[in-house]
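Trainee: Pick one part of this model and take me through it closely. I want to know who partners whom, and what packs where.

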Amino acid sequence: MIKIAIAGGNIEGSALLSLLRTETNIKIVALFEEKTDAPGSLLSTKWGIPVCNQLENLKKYKPDMVINVTGLPEVTTAVRKEFGDNVEILNSSGAKLLWD
């Protein structure tokens, strides 16, 4: 089973949550989003997926992959700094392949 964290609770993040949460070989372990009223934050809370408002808090969920749908390259840089080479990072353009 692949443990995935999603960075970004925007519309893209909520779509990705909806798409991946029922996949049998994937477990969404957490969402990183600073806004508690973001669509992804609301869905995560509804579905019992932890929401972290600080990126470093994702580490305790030990994701294998972080999917950054924020569209912000600095989030990818921060994930790489926080996790080093211990996590795969998929950015927005790659993530769009999942639902396009």
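**Strand pairing and packing**

Mentor: β1 and β4 pair in the parallel sense, over four bridges. Two strands count as paired if DSSP finds at least two bridges between them. Strands (E, at least two residues) and helices (H or I, at least four) are DSSP runs, numbered from the N terminus. This is a predicted model, with residues numbered from 1 along each chain as its sequence is written; local features need pLDDT of at least 70 and side-chain atom pairs count only at pLDDT 80 or more, while totals for chains, interfaces and linings use all residues. Side-chain values use heavy atoms, with hydrogens and water left out.

Stay with that pair. Ala7 stands opposite Asn68 in β4. On to the next pair: β4 and β5 run parallel, joined by three bridges. There, Ile67 faces Leu90 of β5.

Now go the other way. Six bridges join β1 to β2, again parallel. Ile4 has Ile28 in β2 as its bridge partner. β2 in turn pairs with β3, in the parallel sense, over two bridges. Here Leu31 is partnered by Val51 in β3.

β2 is mostly covered: six of its seven residues are buried, where buried means under 20% relative accessible area, exposed over 50% and partly exposed in between (1.4 Å probe, protein chains only).

Next, the helix α3. Its buried residues are Val75, Thr76, Val79 and Phe83. Seen down the axis of α3, these fall within an arc of 100 degrees, so they line one face of the helix; the arc is taken over directions from the helix axis to the C-beta atoms. On the other side of α3, Pro73, Thr77 and Lys81 are exposed. The buried residues pack against β1, β4 (65-68) and β5 (88-90). Gly84 follows α3, with a positive phi near 65 degrees.

Beyond residues up to four places away in sequence, Val79 touches Leu55, Val66, Gly84, Val87 and Ile89; contact means heavy atoms within 4.5 Å.

One more residue. Ser44 sits in helix α2 (residues 39-46). Ser44 counts as buried because its relative accessibility is 0%. Leaving aside neighbours within four places in sequence, Ser44 contacts Leu17, Leu31, Ile49 and Val51. Two of these have come up already: Leu31 and Val51 are the bridge partners noted above.
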